[in-house]
Amino acid sequence: MGPVIIPSVLLWHLFFFGSTILEGVNAQVNGWVNAHATFYGADQSPFSLGGACGYDNTFHAGFGANTAALSAALFREGEACGACYQLRCDYRADPKWCLRRASVTITATNFCPSNNNGGWCNPPHHHFDMSMPAFLRIAWQGNEGIVPVLYRRVPCRRRGGVRFTLKGQSSFNLVMISNVGGSGNVKAAWIRGSRTRTWLPMHRNWGVNWQSSVDLRNQRLSFKLTLVDGKTLEFLNVVPSTWKFGQTFASPRQFY
């Protein structure tokens, strides 16, 4: 199944941003929202910046190095994990450090706490603390400060299918859900064992880690996911009955 053609990108803006997020200091201009950006992790591997979303490795999760930590106004207690944003440096506001006409699409993988970066991550600010490789796609190298940016939500385009990493122990199932396309962020999740007749709701433990307290060992596992845009897919028997904690299984199915 090919990607869904969205007739107007404005529909994405109206759905994902809504009226409450665009109030106050974060003005919207022609579908783009004003924000600011910094970078972090200059002395770290960019693939290790999974942080508050719970990604063990952003490369293995399917996101590569173009990632960012979001301020509280955008992070929304982990609901934004996995979402994609297109950013461009506001050249008109800062021609010294902004690359003209450059843009980058990042995945939200971490949280930028309040009172960090001089308070730019405090509510109600919209702020992106980007990985260094992503930041240098839109700003000149050598700038270690803060730059004005414009951003908008965009669909996530992933290679391969949705991935499920099984964590936990005994009857405590903790599942990390990654490489999600479409809107990118999961709103609700269910799990079903091969000996279970009904879908069992899972609860967000933290970030992209969803939990269930039913013993499903030695059963084939299926999952059902609903994204924030309302799209739902079932991933039937994606995990064999011989599964072990610590393993990752990829489905051939994907959101578009």
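**Exercise 1.** Find how many aromatic pairs the whole structure holds, then classify Tyr 85 and Phe 128.

Step 1. Searching the whole structure gives 10 aromatic pairs. Rings of Phe, Tyr and Trp (its six-membered ring) pair if their centres lie within 6.5 Å; planes under 30 degrees apart are stacked, over 60 edge-to-face, the rest tilted.

Step 2. Tyr 85 and Phe 128 are edge-to-face, at 5.4 Å centre to centre with 65° between the planes.

Step 3. Tyr 85 is in strand E4 (residues 84-89) and Phe 128 in strand E6 (residues 127-131), so their pair ties together parts 43 residues apart in sequence. Strands are DSSP runs (E, at least two residues), numbered from the N terminus.

Step 4. Check burial (under 20% relative accessible area, 1.4 Å probe, protein chains only). Tyr 85 is buried at 2%, and Phe 128 is buried at 0%.

The model is predicted: local features need pLDDT of at least 70, side-chain atom pairs count only at pLDDT 80 or more, and totals for chains, interfaces and linings use all residues. Residues are numbered from 1 along each chain as its sequence is written, and side-chain values use heavy atoms, without hydrogens and water.

**Exercise 2.** Classify the pair Phe 164 and Phe 223, and name the cluster that holds them.

Step 1. Phe 164 and Phe 223 are stacked: 4.4 Å between centres, 10° between the planes.

Step 2. Phe 164 lies in strand E8 (residues 163-169) and Phe 223 in strand E14 (residues 221-227), 59 residues apart.

Step 3. Phe 164 is buried at 0% relative accessible area. Phe 223 is buried, also with 0%.

Step 4. Phe 164, Phe 223, Phe 235 and Phe 255 make up one aromatic cluster.

Key:
Helix = DSSP H or I, 4+ residues; strand = E, 2+ residues; numbered from the N terminus. Buried < 20%, exposed > 50% of the residue type's maximum accessible area, 1.4 Å probe, protein only.
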